[in-house]
Amino acid sequence: MKHTDLFLTDAQLASEIARCVYCETKPCLEACPADCSPADFIMAAAGRTPADLGRAAGLIMMKNPLGGVCGAVCPDHHCQVACARQLFDRPIEIPYVQAAIVARAKALGVMPEFEVTPANGRKAAVVGAGGAGLAAAFTLAQLGYEVDLFDRNARPGGAVRLIPAERMDPKVLDTDIEWLAKHPRVRLHMGRAVDDPAALLAQGYAGVVVAGGLHEPIRLGIENEDLAVPGNAYLADPAKHATRGRVAVVGGGAIACDCALTALERGAAGVEMITLEQWAELPLTPKERQGLIEHPVNLVGRTRVAGILAAGGQVSGLRLERVALAAGERFHPAKMTPVPGTTQTLPDITRVVIAIGNRAGLEVDATPGL
């Protein structure tokens, strides 16, 4: 296995582990949305023996069953921002340390074994086998439930599978799922769409967790929006949405970044990235920012798309308008106001990808048990 598959070289991993001061208050744990303790798994891996790495991987995976994926793509504004080390020099590269530990544990065959808790005699269903659904299934299984996990797709992973290979090797997700699916009380039912989760309650399930994901794209409500491609749809099948000429990507987050780089990889002559944010405000990891810097992506900040121009039923350009943020305000899309008299046309655009976020597509009512 190449060291690039392990995220950090042995020397880099040793250096990052040695920099941890194991704070008594563990601010990195407090900042982690998954309640995983970087201080503890870093200390567990300190010796870097197979046993150490297996123990550290256990601390990660029992809190976050997609621990390899999380380490590979988790943004740095959680644990790293809280890392006390930044008071001395710079934060520890916690996500990459996590990814490196899990990758080594997999390569060495020392991933943790399940300590299966006693069964409680009840069944639970989970609808959706994306990141949230997989984590929910594992958690319920550890609470004693027999868990049936349903998903309309042929493979589990949901939107995580849309992450380009340049940012995360798909086998990181595959091996995380392979480990999770070994739990004796988790059963995956792929290719099984569930449009009425409440109906499962009549089939003997004590409860149903709906984790259908965010698949309904947020719309701008602009002229000719139907000619644009939603970000997730573009990433799911970029070959279907050929990228000839110049491409405009609307949005400034990770999905928009992935769309921009994928368009260039697919032969786009150039990419205009239209964002409400300025460069420093983009919610991107250092790796994502570096990708934009290293490729011909032109960031058009503090700008909104007012309309899509069309000719013969095809995209021909964009109508743009500058926006402003009041002095002293922190960035939020709702706080942006149009600047009168700044409307302009961006010509020669042949494809528009809108990646400004998604909403849940599966509605759930207040039925007890859901």
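1. The residues that line the largest cavity of this predicted model divide into 13 nonpolar, no polar and 2 charged. The lining comprises 15 residues, and C20, C23, C28, C83 and I92 are the ones that lie nearest the centre of the cavity.

2. How much space lies in the largest cavity? The value is about 110 Å³. A search of the whole structure finds 1 cavity of 30 Å³ or more.

3. Helix 2 (27-31) and helix 3 (38-44) each supply at least two of its residues. Helix 3 gives the largest share, with 3 residues.

4. The second largest pocket has a volume of about 620 Å³. It is lined by 35 residues, and those closest to its centre are D5, A103, K106, V172 and T175. By class, this lining has 18 nonpolar, 7 polar and 10 charged residues.

5. Which helix supplies the largest share of the lining of the second largest pocket? It is helix 7, with 7 residues. Helix 5 (67-73), helix 7 (94-108) and helix 9 (170-180) each contribute at least two residues to that lining.

6. On the surface, V21, L87 and F88 form a nonpolar patch, and together they have about 370 Å² of accessible area. V21 is placed in the loop between helix 1 (10-19) and helix 2. V21 counts as partly exposed because its relative accessibility is 46%, a value between the limits of 20% for buried and 50% for exposed.

7. The next points concern salt bridges, of which a search of the whole structure finds 21. In general, side chains of opposite charge can pair when their charged atoms come close.

8. Is D52 buried or exposed? D52 is buried, because its relative accessible area is 13%, and the limit for this class is under 20%. R55, with a relative accessible area of 45%, is partly exposed.

9. A salt bridge also links R85 with D89, and the closest N and O atoms of this pair are 3.2 Å apart. R85 has a relative accessible area of 19% and is therefore buried. The corresponding value for D89 is 44%, so D89 is partly exposed.

10. The side chains of R152 and D195 meet in a salt bridge of 3.0 Å, N to O. R152 lies in the loop between strand 2 (146-151) and helix 9, and D195 in the loop between strand 3 (186-190) and strand 4 (207-210), so the pair ties together parts that are 43 residues apart in sequence. R152 is exposed, with a relative accessible area of 53%. D195 is exposed as well, with a relative accessible area of 59%.

Key. Residues numbered from 1 in each chain as written. Predicted model: local features only at pLDDT ≥ 70, side-chain atom pairs only at ≥ 80, totals over all residues. Heavy atoms only, no water. 1 Å grid on protein atoms, 1.4 Å probe; cavity = no way out; pocket = protein on both sides within 12 Å on 5 of 7 lines; lining within 4 Å. Points joined across faces, edges and corners; volume = space filled by probe spheres on them. Helix = DSSP H or I, 4+ residues; strand = E, 2+ residues; numbered from the N terminus. Nonpolar A, V, L, I, M, F, W, Y, C, P; charged D, E, K, R; others polar. Patch = residues over 30% accessible without salt bridge, like charges linked within 9 Å, V, L, I, M, F, W, Y side chains within 5 Å. Areas by Shrake-Rupley, 256 points an atom, 1.4 Å probe, with all protein chains shown as cover. Salt bridge = Lys/Arg side-chain N within 4 Å of Asp/Glu carboxyl O. Buried < 20%, exposed > 50% of the residue type's maximum accessible area, 1.4 Å probe, protein only.
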